[in-house]
Amino acid sequence: MTNGGTGGGSLDKNERREAAREKAKVLRDQHKRKDRVRRFFLQGGLIVGSIAVVAIVTLIIVNSQRPAGPGPLNMLSDGIKIGQELKATPTAALAADAEPVPNAVDSEADVIDIQIYVDYLCPFCKVFEETNNEQIESWLNRGAATVEVHPISILNSNSMGTQYSTRAANAAACVANFSPDAFWDVNKALFENQPEERTTGLSDDELIDVVTEAGATPQGKIESCINDKTFKPWVSASTLRALDGPVPNSEAEVKGTPTIVVDGAKYEGAIDDPEAFAAFVVQAAGATSSENATTTPTPTPTETPAQ
């Protein structure tokens, strides 16, 4: 009896050599196949990447060539100015491609000029608004200050592709156009209902509910304006303008939100400290006379003494 032979499961020398060759061939074929697959996906990835680049470039070109629409009424300066009794200062609408017209500031008047640049998705804007709204509103009601609100959109990338910052700014512009005296309450409501970053944000229907419940009318025109995104081109243009140059009547620049400028001076203090902000306002206003002391903002809102 032998230990070799095909029937015993063993291979002789020639058979082992042939088996090794076959195995090597299989391995070579597998490597070639993997290489082809790898090259295919690499080329495909390059093609997809090229398409993405082309799409981005195309989007930029299309946006740059898209005709800019007119701005909303009462925002000729790219912002809406709120004064005593929370009333808006009426202005014409900014024409398409026109330069905004800054609101005049009376340096002789005892009225503080406050400008605020906000993004309605910005959590720091919400903190500032919630912390300081009560005392700012008291200054407005007393005629001690005016507040010019500039809605801009710099956080679209934080809303899962829904462009919430732009849509919310458009909603604010719709209110400025159709219901300007409700703007202050709508501005507050948009922050009270601010969605979390990295979410889709409020839908257009939810934005409509927020602004109309805050008092904006007529509802039908507001609804159409928000759904049609009537002022979306203006939002884009005004945002670029805000980031491109100094704040009107100031040398301050908008580097983020909130940007707060008081009588031309940029506030760099804590956004969650109302006393610090009030002190800055007093300092920026340069209030030194006893007459100013009765009308100038103070850290704790008080009633104006009878004259």
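Which residues form a negative surface patch? Let's look at this and other close-ups of a predicted model, where local features need pLDDT of at least 70, side-chain atom pairs count only at pLDDT 80 or more, and totals for chains, interfaces and linings use all residues. Residues are numbered from 1 along each chain as its sequence is written, and side-chain values use heavy atoms, leaving out hydrogens and water.

**View 1. A negative surface patch.** Asp205, Glu206, Asp209, Glu213 and Glu223 form the patch. Here Asp and Glu count as negative, and patch residues have over 30% relative accessible area and no salt bridge, with like charges joined within 9 Å. Helix H5 (residues 204–213) gives the largest share, four residues; helices are DSSP runs of at least four residues (H or I), strands of at least two (E).

**View 2. An aromatic pair.** Tyrosine 267 and phenylalanine 277 sit edge-to-face, 5.1 Å centre to centre with 75 degrees between the planes. Rings pair if their centres lie within 6.5 Å, and planes over 60 degrees apart count as edge-to-face.

View 3. Arginine 167 and aspartate 204 meet in a salt bridge at 2.8 Å, N to O. Such a bridge needs a side-chain nitrogen of Lys or Arg within 4 Å of a carboxyl oxygen of Asp or Glu. Arginine 167 and aspartate 204 are both buried.

**View 4. A salt bridge with an exposed partner.** Lysine 255 bridges to glutamate 253, their closest N and O atoms 3.1 Å apart. Lysine 255 counts as exposed because its relative accessibility is 67%.

Key. Patches are made of residues with over 30% relative accessible area and no salt bridge: like charges are joined within 9 Å, nonpolar side chains (Val, Leu, Ile, Met, Phe, Trp, Tyr) within 5 Å. Accessible areas come from the Shrake-Rupley method with a 1.4 Å probe; for residues, only the protein chains shown count as cover. The place of a charge is taken as NZ of Lys, CZ of Arg, CG of Asp or CD of Glu. Rings of Phe, Tyr and Trp (its six-membered ring) pair if their centres lie within 6.5 Å; planes under 30 degrees apart count as stacked, over 60 as edge-to-face and the rest as tilted. Buried means under 20% relative accessible area, exposed over 50%, partly exposed in between (1.4 Å probe, protein chains only).
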